[in-house]
Amino acid sequence: MFEFSEYYEASSLDEATEFLAKNPRAKIIAGGSDILVEIREHPMPDSALVGIGRLNELKAISIDSEGTLSIGSMTTFEQLEKNELIMKYVPMLGESGGTIGGPQLRRVATLGGNICNGAVSADTATSLFDFNTRLVLENSGGRRIVDIKDFYLGPGKTDIKQNEVLTRFLISRADYEGFFGCYIKFSRRKALDIANLGCAVICRIKEGCFSEIRISLGVAAPTPIRCTTAEKFARGLEITEENMENIGKKALEDARPRDSWRASRAFREQLIQVSTHRALREAVSKAGGMQNG
Amino acid sequence: MKYNEIGKSVKRYDAAAKVTGKAKYTGDFHERDMLVAVVLRSTIAHGRVLVINTEKAKVLPGVETVVTFEDVPDRLYPTAGHPYSTELSHQDIADRRILTGHVRYYGDEIAAVVAVDELTARKALGLITVEYEEYPVLLTVEDALAGDAPEIHTGTGNIVGKMNYEFGNVEEGFSSADFIVEEEIETQTVQHCAMENHISYAYVDGQERLTVVSSTQIPHIARRIIGQALDKPVHEIRVIKPFIGGGFGAKQDACLEPLNAFLTLAVGGRPVRLEMTREESIIGTRVRHAVKYRIKTGVMKNGEMVARQVSLTTAKGAYASHGISPVAKQGTIYLQLYPTKNVKFDLISAYSNTPVAGAMRAYGIPQIKFALEAHMDDVAKKIGMDPVEFRRINQVKEGDQDPKTHLKVLSCGLDECLDRGKALIGWDEKRKKYEGQTGEKRRGVGMAQFCYGTGTYPVCLEIAGARIILRPDGSVQMQVGATEIGQGSDTVLSQMAAEILGISPDKVYLESTTDSDTSPFDTGAYASRQTYVSGAAVKKAALECRERILDAAAAREKTTSNSLDIRNSRIVDKGSGRVVMTLADLALDTYYSRENSSPISVDISYQTKSNALSFGVTFTEVEVDMKTGLVTVIELYNVHDSGTIINRQLAEGQVYGGISMGVGYALTEELKFHPETGKPLNNNLLDYKLPTMMDTPRMGVEFVETFEPTAPFGNKSLGEPPAISPAPAIRNAVLHATGVSINRLPMDPQRVFEKLKEEGLV
Amino acid sequence: MGDKLRRIELTVNGRKKEIEVDVRESLLDLIRNRLELTGAKRGCEVGECGACTVLVNGEAVDSCIYLAVWADGKEVVTVEGLAKDGKLTDMQQAFVDEGAVQCGFCTPGLVMSATALESRNEKLSKDDIKRELSGHLCRCTGYHQISKAVEKVIDSE
């Protein structure tokens with residue numbers, strides 16, 4: 001039994017946002033895999049929960065005429081991993097979701113939940129950073145769109161107001177077309193684990209050189225981050241082992257890993273370099289390899 | 001030896017009940033009116049409760065009672081699942097009360113709430129306020145033994161116990177050696193993590209008897225401990241053990257039962273359930289000792305070891321539990337595996353402000369075998385010898401007798417285990433092939449071996465009871481005091497009875513529930529003792545039953561019983577093979593004969609006064625990621641000499657499970673504490689990392705079947721041993737792959753990376 | 001308190017039930033405590049061990065972190081609902097035959113995940129099967145005989 005005050009099952013987005021507006025202590029429950037665990041640890045006797053699991057409009061994944069991918073926030077990781085549009089345009093996002101927890105968890109846990117709770121280890125966050133994803137937030141008064149890099153405010157803190165629902169993730173064609181990517185989750189177990197470091201790399205290749213790369217890291221700073229210094233450094237570089245290794249080293253300049261009982265700062269720094277290098281190597285190989293790029 | 005039923009892969013009798021959800025565990029019983037208890041645990045690791053205020057909690061609607069350390073009997077009791085000793089000097093250390101105001105570890109039990117449901121009980125917990133006086137937190141042996149350290153238990157000087165021995169003269173031995181290798185090796189704290197958390201419920205029954213239903217490995221011993229804690233005679237207490245979701249030693253202590261018994265008495269005998277959460281189970285029951293070793297060996301160029309010495313220290317935790325037994329046993333096994341003329345051993349076990357170390361699968365031996373087998377490879381490397389050949393020169397063989405226990409080794413298949421292990425992994429080829437690698441990922445093969453006792457003789461009493469009743473249809477009902485905890489003991493004990501009685505195992509009905517009122521006395525499931533000790537009791541009971549059956553048949557047939565035999569549930573004439581009567585006909589007649597009705601039932605006990613070493617090896621191949629320190633086990637083989645294998649499929653299951661536990665011990669598992677406050681950091685199943693199905697390597701199991709003459713069927717220990725040798729074998733494979741000795745468990749990526757970096761390999 | 005109770009309709013092991021639940025109850029609380037179907041076990045309460053796994057609309061989920069009200073209008077199958085007329089399903093029988101059961105505490109959950117996997121009728125590699133069952137912790141078996149049991153029933157490789 002969990003300690004919360006009330007449960008409200010929303011049957012439309014409007015109902016959900018209205019309830020949130022009227023009940024300033026109410027919280028959204030999506031798949032429940034984070035918040036129920038949180039409530040077990042820290043009871044919330046004064047908070048009502050608003051269920052949005054029956055809002056099918058938040059589960060759809062679509063692409064519009066301009067090629068913008070729109071992913072409903074209530075998409076579960078299992079759906080994400082199997083969805084044809086995801087597999088076709090942003091496979092790394094599906095794969096990164098596939099590294100979360102175990103199968104039962106991936107069946108209920110949602111992309112929206114993964115991002116809203118602000119966890120620095122969120123496996124899908126780094127992919128979404130690479131794709132310059134925009135988040136659609138709605139409340140009873142209207143909607144706003146926030147870039148994912150602005151959404152994260154600090155550890156466990158995101159730019160979502162109590163009365164808002166994260167409804168969709170938008171990825172523009174320009175942010176995925178021609179990119180090849182690889183997500184590396186470094187964890188102690190192959191399942192049921194959280195990342196010691198998450199590293200998502202995408203790259204575009206032209207005539208044996210990197211025309212663009214994007215590197216995002218999880219658990220390397222108080223929020224997931226993009227490694228803009230390394231990205232700038234990489235632009236135009238010839239694709240060689242040495243250059244890729246150097247890009248990995250460069251990624252350190254943007255990172256601010258810390259010491260914790262889970263991993264030391266020095267070890268995380270090593271993981272940042274190695275993972276970036278390896279993810280890049282793998283992305284290049286997906287793009288057709290060093291020779292054919 | 002030719003057997004009919006022994007050796008067959010008889011299906012577990014309880015498997016169908018377990019795949020359909022019919023098997024009932026302690027938490028599956030719903031008593032009418034059952035209350036729920038939760039425990040208030042300390043939020044400091046060392047100190048004293050100055051003030052505890054329970055007023056608000058007591059008046060919360062739904063709360064039946066709140067009790068604190070001030071309300072419990074002022075009696076100290078022990079918790080260890082050891083047989084009672086009538087000699088005071090051999091009794092377990094009695095150092096705890098049911099609840100305590102003197103807090104000795106983070107999570108110590110101060111108070112308890114009994115309420116109508118869990119939510120109310122937990123809400124009430126939150127309303128209790130506690131003020132502490134804090135003492136310095138002593139997490140290590142060094143902390144505990146520092147001159148100014150406060151005493152965790154008054155009058156102990158923080159020493160749980162010390163022990164030492166020397167055989168021969170190690171100083172002389174070392175001075176005669178060609179080489180001396182000396183190093184420090186350390187193991188970590190781990191937890192059993194049986195999938196069922198500790199749970200019990202208690203009530204006073206209609207005959208005013210205090211009944212505790214519990215997930216315990218030691219129902220009979222738990223009854224005695226409850227009596228000690230509450231100052232009640234045994235006849236007032238009843239302990240019942242239904243199906244149990246794993247134990248591995250953590251349930252070989254009475255962790256819950258005394259408190260649960262006290263709580264039901266506090267609410268007038270109403271049923272009270274006490275179920276630990278996972279977080280509580282990990283810190284509030286028992287853990288495996290972390291041990292620090294200084295280990296030294298003198299060796300000749302030809303590989304002969306001439307002197308060996310081990311000094312170990314261990315932080316025992318807040319209470320004595322099993323005392324020094326799990327580390328003292330290390331001294332025995334250390335001696336037995338490699339008989340050496342000059343051997344010295346000493347240990348210090350100190351109280352600390354950490355969770356209590358007790359029994360865990362193989363009782364101290366995974367620790368010493370990690371140190372010893374790691375060290376053996378380092379010594380072999382020093383003298384440039386193949387690790388297997390180096391071991392062969394020094395290892396125990398049939399006929400050896402150690403100077404401490406004086407037990408003679410009567411069966412030993414260790415050499416054959418080594419032969420098989422080498423073949424399975426492709427030892428000779430891969431040892432060469434993997435020399436001089438330079439890549440980012442490097443492979444290596446390694447091995448380790450062990451010996452392990454069967455039961456606790458001569459240190460402890462070994463006693464077991466069995467009762468067999470011939471039912472009117474020729475089947476038998478058997479009761480044992482041995483405790484089925486998932487290992488399959490009920491199935492193999494049934495096979496043993498069937499073997500002797502000439503019936504098939506499905507004609508043996510064994511009640512899995514152990515009940516201290518109705519089950520024969522047996523000390524329980526530990527020390528891999530049950531096939532050996534309880535098995536001997538079953539054999540004795542079955543032989544007596546068989547004799548009674550043949551006597552009854554002979555009397556009816558007017559012949560002599562030694563001319564008859566039982567085969568396939570039929571009484572046959574030994575000479576001709578002629579069927580004299582069916583067992584069913586005879587059985588019915590023993591019940592209802594007008595002339596000589598006398599149903600056959602046998603009730604015996606058996607005291608074992610022997611012990612037998614089982615042996616085994618692990619051979620494994622690993623891959624080391626030189627840049628991240630990640631060690632991946634590619635494949636791993638265990639080969640065991642556990643004497644006769646009673647049930648191959650169940651035996652293999654024990655080995656696979658042990659390997660998995662050993663792999664976790666080697667690579668991912670470690671219970672961590674805040675270095676200043678002693679607060680546990682990872683007491684949950686996300687952060688305490690048991691291997692998942694995806695983390696489990698390709699495994700293989702083989703048995704070298706020797707025949708152990710002291711055993712009922714030639715069998716030796718198997719439940720615990722598979723968990724012993726995987727960790728050192730993996731460590732030695734990492735050594736082979738990288739040239740680096742990792743002397744601290746677990747070999748997690750960060751630790752391996754740091755070591756590789758220290759050696760200039762990153 | 002009144003607003004914490006809700007009447008839901010669900011199908012449990014093929015039988016329709018209408019039952020009043022506390023909105024704060026987990027599905028595990030509901031089936032174990034109220035429906036007295038104790039096959040699903042409580043091992044961690046946070047979705048880390050898989051012992052509480054049941055099928056909701058044919059999919060295996062951790063019932064400990066699944067609110068009972070979410071089962072409204074859905075079909076729930078627990079381990080008690082598999083065997084028909086006392087006959088074990090192929091999957092259950094395979095667990096028995098391959099020695100995949102030891103203490104049995106993780107068994108109901110694993111049987112449920114394996115059953116759901118079987119019903120997908122997909123061709124899976126041995127590694128796929130391991131991944132699909134990786135949401136279950138077992139401390140007794142080392143998973144070997146469990147994998148073998150599932151591979152026997154599911155067309156693998």
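Me: How are helices and strands assigned and numbered here?
Reply: The model is a predicted one, in which local features need pLDDT of at least 70, side-chain atom pairs count only at pLDDT 80 or more, and totals for chains, interfaces and linings use all residues. Residues are numbered from 1 along each chain as its sequence is written, chains are lettered from A and ligands numbered from 1 in the order in which they are written, and side-chain values use heavy atoms, with hydrogens and water left out. Helices (H or I, at least four residues) and strands (E, at least two) are DSSP runs, numbered from the N terminus.

Me: In which loop is B:P458 placed?
Reply: B:P458 is joined to B:Y457 by a cis peptide bond, with omega about 5 degrees. The loop that holds B:P458 lies in chain B between β16 (441–452) and β17 (463–470).

Me: Which residue is joined to B:P746 by a cis peptide bond?
Reply: B:P746 sits in the chain B loop between α18 (726–738) and α19 (749–758). Omega of the cis bond is about -10 degrees, and the partner of B:P746 is B:L745.

Me: Is B:S528 buried or exposed?
Reply: B:S528 lies in the loop between β20 (514–515) and α15 (530–557) of chain B, and its phi is near 50 degrees, a positive value in a residue other than glycine. Buried means under 20% relative accessible area, exposed over 50%, and partly exposed in between (1.4 Å probe, protein chains only). Because its relative accessibility is 12%, B:S528 counts as buried.

Me: What is the relative accessibility of B:S569?
Reply: B:S569 belongs to the loop of chain B between β21 (564–567) and β22 (570–573). Phi of B:S569 is positive, near 65 degrees, in a residue other than glycine. B:S569 counts as buried because its relative accessibility is 19%.

Me: What is the radius of gyration of chain B?
Reply: Chain B comes to 19 helices and 27 strands. The radius is taken over C-alpha atoms, and the globule rule is 2.2 Å times the number of residues to the power 0.38. For 762 residues the rule gives 27 Å, so chain B is as compact as a globular protein of that length, its radius of gyration being close to that value, at 27 Å.

Me: What share of the residues in chain A is buried?
Reply: Chain A has 13 helices and 14 strands. Its C-alpha atoms fill a box of roughly 60 × 50 × 30 Å along the principal axes. Of the 293 residues in chain A, the buried share is 58%.

Me: How much area do chain B and chain C bury between them?
Reply: The contact (heavy atoms within 4.5 Å) takes 51 residues from chain B and 47 residues from chain C. In chain B, B:V19, B:M195 and B:M693 lose the most area to chain C, together 21% of what that side buries. Buried area is the accessible area (1.4 Å probe) that two parts lose on being put together, summed over both. Carbon and sulfur atoms hold 58% of the total, which is about 4,000 Å².

Me: Which helix of chain B do the buried residues of α5(C) pack against?
Reply: Helix α5 of chain C spans residues 144–153, and its buried residues include C:Q145, C:A149 and C:V150. Within chain C, the buried residues of α5(C) pack against α2 (90–97), α3 (107–119) and α4 (126–132). In chain B, their packing partner is α17 (648–667).
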